[in-house]
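Try each task first, then follow the solution step by step.

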Amino acid sequence: MNVRTFLKFVEIQTKVASMIPFLLGTLYALYRFDDFYVLRALFMFVSLLSFDMATTAINNYYDFKKASKKHGYGYETHNAIVHHKLKESVVVATIVMLLLLAAGGGIALVTQTGLLVFLLGGLSFLIGILYSFGPIPISRMPLGELFSGLFMGFVIIFISAYIHTDESVVALLIQEGWVNLHVNILEVLYLFWFSVPAILGIAGIMLANNICDIEDDIENRRYTLPVYIGKKNAIMLFKLLYYVSYLDLIVLLLLGVNVALVLLILLTLIPLRRNISVFAENPDKATTFILSVKNFVLMNAVRIAVLGAAVLLKTV
């Protein structure tokens, strides 16, 4: 497997779904808590990217092994294992190597932080594996959007911010056999509220993918959310996710981000609405699915720019 094939196999273009929340959480910590630890950020980056690639690889491998329909775009073109004629042994070895790299980075991060990161990271690893693997993978259930949105949108942002806070948001301590958990409710709510665009944007990518695959999913017995609620209702939900995501502007104002910077985010509604309309008219994996990824990048890249500017203004 060469580098180009590997990048296709792990669908490197989709890693924005984990890297953008990582950047958002890091910038949030810089703005809110004035703290940044380079080594911790590096360990999390390595672990997160490796695990994201591993879960995609597992998902492609599972689809390759379990597919009932072995023709069409979803199998012959989209699945890199078939398209590039990859050996099964090479695929499995690649998955194992990525998981080991992810675990190594995660353990290194835990040694720098503490028990809470171990628990949240372990839970994320478990959900990531169950998302693509097992008797009934989460991706084949109507819960895919919920789990992918919460874990990739909120948990990644929370951990990437938390590792720079020295337990000023949540403290988990073991003393004399007792486990003490101290939670700053207001700070956690701020972080969750701030994470809404990432949560809903990632859920939107998953939902768009399932809308495009609804016919193939029915044939392959993948009972995703659009299969349950129908294509029309799924498209309505797809639209709603994006408009609700702008509620995070309220928390940005509460945190003291410059009003002019916050209002700039509203400009993204113009291309966003156009992309939503084009996708809703013709949901197609080969041509319009990419618009859900573009929407996610657009929504959150602007927020990264705004938060970065707010950090710079704060230090001036």
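**Exercise 1. Find out how the length of α16 compares with its expected span, and which of its residues are buried.**

Step 1. Helix α16 (269-281) has 13 residues and reaches 18 Å from its first C-alpha to its last, close to the 18 Å expected at 1.5 Å a residue. The expected span is 1.5 Å times one less than the number of residues, and helices are DSSP runs (H or I, at least four residues), numbered from the N terminus.

Step 2. A note on the source: this is a predicted model, where local features need pLDDT of at least 70 and side-chain atom pairs count only at pLDDT 80 or more, while totals for chains, interfaces and linings use all residues. Residues are numbered from 1 along each chain as its sequence is written, and side-chain values use heavy atoms, with hydrogens and water left out.

Step 3. Now look for the buried residues, where buried means under 20% relative accessible area, exposed over 50% and partly exposed in between (1.4 Å probe, protein chains only). In α16 they are Leu272, Asn275, Ile276, Phe279 and Ala280. They sit on the same side of α16 because they cover an arc of only 130° around the axis; the arc is that of the directions from the helix axis to the C-beta atoms.

**Exercise 2. Locate lysine 285 and list side-chain partners with which it makes polar contacts.**

Step 1. Lysine 285 is in the loop between α16 and α17 (290-315).

Step 2. Its relative accessible area is 14%, so lysine 285 is buried.

Step 3. Check its side chain for polar contacts, which are pairs of N or O atoms within 3.5 Å; within protein, one must be able to donate a hydrogen and the other to accept it, and residues adjacent in sequence count only if both atoms are side-chain atoms. The side chain of asparagine 209 is one partner, at 2.9 Å. The side chain of aspartate 213 is another, at 3.0 Å.

**Exercise 3. Which residues of α9 are buried, and what covers them?**

Step 1. Helix α9 (residues 185-194) buries Glu187, Tyr190, Leu191 and Phe194. Their arc around the axis is only 95°, so they lie on the same side of α9.

Step 2. Exposed residues Ile185 and Leu189 are carried by the face turned away from the buried side of α9.

Step 3. Among the elements covering the buried residues of α9 are α2 (16-33), α8 (144-162) and α14 (248-254).

**Exercise 4. Describe two aromatic pairs by their distances and angles.**

Step 1. The structure holds 10 aromatic pairs. Rings of Phe, Tyr and Trp (its six-membered ring) pair if their centres lie within 6.5 Å; planes under 30 degrees apart count as stacked, over 60 as edge-to-face and the rest as tilted.

Step 2. Tyrosine 28 and phenylalanine 194 form a tilted pair, 4.9 Å centre to centre with 45° between the planes. This pair links distant parts of the chain, since tyrosine 28 is in helix α2 and phenylalanine 194 in helix α9, 166 residues apart.

Step 3. Consider burial: tyrosine 28 is buried, with a relative accessible area of 1%, and phenylalanine 194 is buried at 4%.

Step 4. Phenylalanine 238 and tyrosine 242 form an edge-to-face pair, 5.0 Å centre to centre with 80° between the planes. Both residues lie in helix α13, 4 residues apart, about one turn of the helix, and both are buried.

**Exercise 5. Where do glutamate 11 and aspartate 34 lie, and is each buried or exposed?**

Step 1. Glutamate 11 is in the loop between α1 and α2. Its phi is positive, about 50°, although it is not a glycine.

Step 2. Glutamate 11 has 14% relative accessibility, so it counts as buried.

Step 3. Aspartate 34 lies in the loop between α2 and α3 (38-66). Aspartate 34 has a positive phi of about 55° although it is not a glycine.

Step 4. Aspartate 34 counts as exposed because its relative accessibility is 52%.

Note on methods
Helices (H or I, at least four residues) and strands (E, at least two) are DSSP runs, numbered from the N terminus. Contact means heavy atoms within 4.5 Å.
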